[in-house]
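Me: Can you walk me through this structure? Keep it short, please.
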Amino acid sequence: MTMPGAVPSRGRGGNTSRVPALTALMVVVAVVLGVGLSSALTEETESSSIPEMGFGAAVYASAEAGGYSEGEMRALMEPLPANAAQVTVPVLMYHYVDDEPPPAGPYADGLTVRTPDFVEELEYLAENGYQAVRLSDVYLAMAGLKELPAKSVALTFDDGGLDNYTVAFPLLKQYGFTATFFVITKTVGRDGQMSWEQLQEMVAAGMSVQSHSVSHPDLRGVSDEKLRSELVDSRQAITEAVGEPGYAFCYPSGACDERVVEAVRSAGYVMAVVTDKGEVLNPGAIFEIRRGRVQAHMSLGSFAKLVD
């Protein structure tokens, strides 16, 4: 016997009374799933508009401090246009900056610019109206997407030594300068080397972090497979770890040949730097950009000749 207002019992034939409610529930679920799927597809479409970036670079593209617009991100992954602009920017090369050289072998002393000298060099640049730019800024200017200051200079640092973070980075910020740091991804986080966390902090402050290969071999003497791994794996590691697009490569010891240059191009880089034996910065020699070597104990007059 069913009491007034009670729900009918679910016997063998008792499902019929629940069909309308079940149908309504299914409709609601379908609508919710449809909205979620539509939103996901929209997000996927928007994020895929910047190809081959990886999650980290996609995040960096939307960052407020030092990030790139979508158009700039795309340009940093494409060859220069045929009508690329000629720019005049001295590119300087540093390794270590500290009061004493690190225990990094017999060449460390000659590669270590002493802290007082580095301060003097930054003061010279600032007092003479120079503004530091990243290599990405230089490339985007050649691509016609950015204007550079009238007196621009690009500061670069090789090898990823810890002093780049503890000494050079604070001084660069003090003078309002940016720089491009080339790191060897296999050694990131080791004793005497910058960590990924420190590199992330530097990128967030407007610095650029790019590849100096995985393990710093002479790329001219490695197999094709090893060559590709040194280029592709380091680029991917940096993009995923610090969120920057992998646009620039620094040849270990500045050594390259036609095969290596073509491999760098094929790996997705759009520019590359050598040491002081390359070509003057121009769109036609974008993969062999010469840099002025800032040597230890260099006089200020000699330094000035590198930029003036």
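Reply: First, a term: a residue is buried when its relative accessible area is under 20%, exposed when over 50%, and partly exposed in between. Also, this is a predicted model.

Me: Ok. Is glutamate 230 buried or exposed?
Reply: Buried, because its relative accessibility is 2% and the cut-off is under 20%.

Me: Which residue does glutamate 230 form a salt bridge with?
Reply: Lysine 226, with the closest N and O atoms 2.9 Å apart. Lysine 226 is partly exposed, at 36% relative accessible area.

Me: How many salt bridges does the count come to?
Reply: Ten. Among them is the one between arginine 114 and aspartate 109, at 2.6 Å from N to O. Arginine 114 is buried, at 12%, whereas aspartate 109 is partly exposed, at 37%.

Me: New topic. Which residues touch the most other members in the largest nonpolar core?
Reply: Leu231, Tyr251 and Val264, out of 42 residues in that core. Helices H3, H6, H9 and H10 and strands E8 and E9 each supply at least two residues. H6 gives the most, with six.

Me: And what is tyrosine 251 in contact with?
Reply: Beyond its neighbours within four places in sequence, its contacts include His212, Cys256, Val264 and Phe287.

Me: Last one. What volume does the largest pocket have?
Reply: About 270 Å³. It is lined by 15 residues, and Val89, Pro90, Val91, Val280 and Arg290 are the closest to its centre. The lining divides into eight nonpolar, three polar and four charged residues.

Technical notes: Residues are numbered from 1 along each chain as its sequence is written. This is a predicted model: local features need pLDDT of at least 70, side-chain atom pairs count only at pLDDT 80 or more; totals for chains, interfaces and linings use all residues. Side-chain values use heavy atoms; hydrogens and water are left out. A nonpolar core is a set of buried Ala, Val, Leu, Ile, Met, Phe, Trp, Tyr and Cys residues joined through side-chain atoms within 4.5 Å. Buried means under 20% relative accessible area, exposed over 50%, partly exposed in between (1.4 Å probe, protein chains only). Helices (H or I, at least four residues) and strands (E, at least two) are DSSP runs, numbered from the N terminus. Contact means heavy atoms within 4.5 Å. On a 1 Å grid over the protein atoms alone, a cavity is a set of points where a 1.4 Å probe fits but cannot get out, and a pocket is an open set with protein on both sides within 12 Å along at least five of seven lines; lining residues have an atom within 4 Å of a point. Grid points are joined across faces, edges and corners, and a volume is the space filled by probe spheres set on the points. Ala, Val, Leu, Ile, Met, Phe, Trp, Tyr, Cys and Pro count as nonpolar, Asp, Glu, Lys and Arg as charged, and the others, Gly among them, as polar. A salt bridge is a side-chain nitrogen of Lys or Arg within 4 Å of a carboxyl oxygen of Asp or Glu.
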